[in-house]
Amino acid sequence: MSFFGFGQTAEIDIVLNDAETRKKAEHKTEDGKKDKYFLFYDGETVSGKVNVTLKIPGKRLEHYGIKIEFVGQIELYYDRGNHHEFVSLVKDLARPGELSQSQTFDFEFTHVEKPYESYTGQNVKLRYFLRATISRRLNDISKEMDIVVQTLCTYPELNSSIKMEVGIEDCLHIEFEYNKSKYHLRDVIVGKIYFLLVRIKIKHMEIDIIKRETTGTGPSVYHENDTIAKYEIMDGAPVRGESIPIRLFLAGYELTPTMRDINKKFSVRYYLNLVLIDEEERRYFKQQEITLWRKGDIVRRSMSQQATIAAQRFEGSNSESASAQAKEENN
């Protein structure tokens, strides 16, 4: 193609100003692999340089303008080709003309609004990227650079416990309780299972964390359930009056914050699913939605410390040490 003059005669490179110091975050790509991208938060400025390198020294590059865009978009896999942009910012770097040598252009998008978290799911992808473009008569030259955006939340003021019952009349009656209904992504779920009536032979019990991704609206709604974790509570037959503690660490699982009605295109919700299996392989379950949120960086505690604090708060301990630890956690 270059023999006929249609080949790319220049290369574009996008370099962030703080590339050496900016933190990177792992993010799953569409093919299921993980890669690292520069991490940004809502309201942060995105700035850097666009390097245009001419491949053939001495040969001029005619163009109809050079620009850079900051884009946030949602792509629904069942509607590929239609990209729904919720952020679209453009900076013109050069007016129409020609380049006689390689050149560098500075750019800055100040305090950019990034309202949603980056997400790659079963049926939808939300991504942010920079795109530099040299406009030409026949074929534009462009380069994209993806970034990852994470949304941080503060500790919920109202965070009541979850209490529910599950049972079969005159056969089974169970109460289960979780210490909270809202958890950050590195939190510990602490709870209890009470057996009030057991007249069937239960051989296994587990708690599943289920992610439910909902895309589309109206008649074109798709639900995709994915079991993120299976946590065995009990292996064997319980007896009436027995109480089984639960302690489930969330940090080891691939979780995202709960996302509700993102740009009216998709939602991601999480559920705790209590599953009982009897000796005849019959399954009984009860599902409860929980809210997940991303916490900002704090002084790291060991997992055992987190579990101890959660358990003490759940038990309603009034000891001075528990109160001090709980107070420290909220700070």
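## Sheets, ring pairs and salt bridges in a predicted model

L172 has V198 in strand 16 as its bridge partner.

The model is predicted, so local features need pLDDT of at least 70 and side-chain atom pairs count only at pLDDT 80 or more, whereas totals for chains, interfaces and linings use all residues. Residues are numbered from 1 along each chain as its sequence is written, and side-chain values use heavy atoms, with hydrogens and water left out.

A further open sheet has three strands in the order 1-4-9, again with antiparallel pairing. Strand 1 (10-16) and strand 9 (103-109) stand at its edges with a single partner strand each, so one side of each is left without a neighbour in the sheet. Neighbouring strands of this sheet are turned by 20° against each other on average, direction ignored. Strand 4 (residues 46-54) pairs with strand 9 in the antiparallel sense over seven bridges, and K49 has D106 in strand 9 as its bridge partner.

Aromatic pairs, defined by Phe, Tyr or Trp ring centres within 6.5 Å (six-membered ring for Trp; planes under 30 degrees apart stacked, over 60 edge-to-face, the rest tilted), number eight. F70 and F109 form a tilted pair, at 6.2 Å centre to centre and 45° between the planes. This pair links F70 in strand 6 (residues 66-76) with F109 in strand 9, 39 residues apart. Both F70 and F109 are buried, where buried means under 20% relative accessible area, exposed over 50% and partly exposed in between (1.4 Å probe, protein chains only). F86 and Y128 form an edge-to-face pair, at 5.5 Å centre to centre and 85° between the planes. F86 lies in strand 7 (residues 83-94) and Y128 in strand 11, so this pair ties together parts that are 42 residues apart in sequence. F86 and Y128 are likewise buried. Ring pairs link F70, F86, F107, F109, Y116 and Y128 into a cluster.

Salt bridges, taken as a side-chain nitrogen of Lys or Arg within 4 Å of a carboxyl oxygen of Asp or Glu, number 19. Three of them are tabulated below.

| Pair | N to O distance | Relative accessible area |
|---|---|---|
| R22 and D18 | 2.9 Å | R22 15%; D18 26% |
| K34 and E254 | 2.9 Å | K34 46%; E254 52% |
| K230 and E206 | 3.2 Å | K230 54%; E206 9% |

K230 in strand 18 (residues 222-235) and E206 in strand 17 (residues 202-215) are 24 residues apart. Salt bridges with shared partners also join E69, R127, R131, E144 and D146 into one network.

R136 is placed in the loop between strand 11 (124-134) and strand 12 (141-149). R136 is buried yet has no salt bridge, and the nearest side chain of opposite charge, E62, is 6.8 Å away. The side chain of R136 does reach the backbone oxygen of E62, at 3.5 Å.

Technical notes. Helix = DSSP H or I, 4+ residues; strand = E, 2+ residues; numbered from the N terminus. Lys, Arg positive; Asp, Glu negative; His and termini not counted. Polar contact = N/O pair within 3.5 Å; in protein donor to acceptor, adjacent residues only side chain to side chain. Pairing = 2+ DSSP bridges. Axes fitted to C-alpha atoms, helices over the stretch in contact; angles between N-to-C directions.
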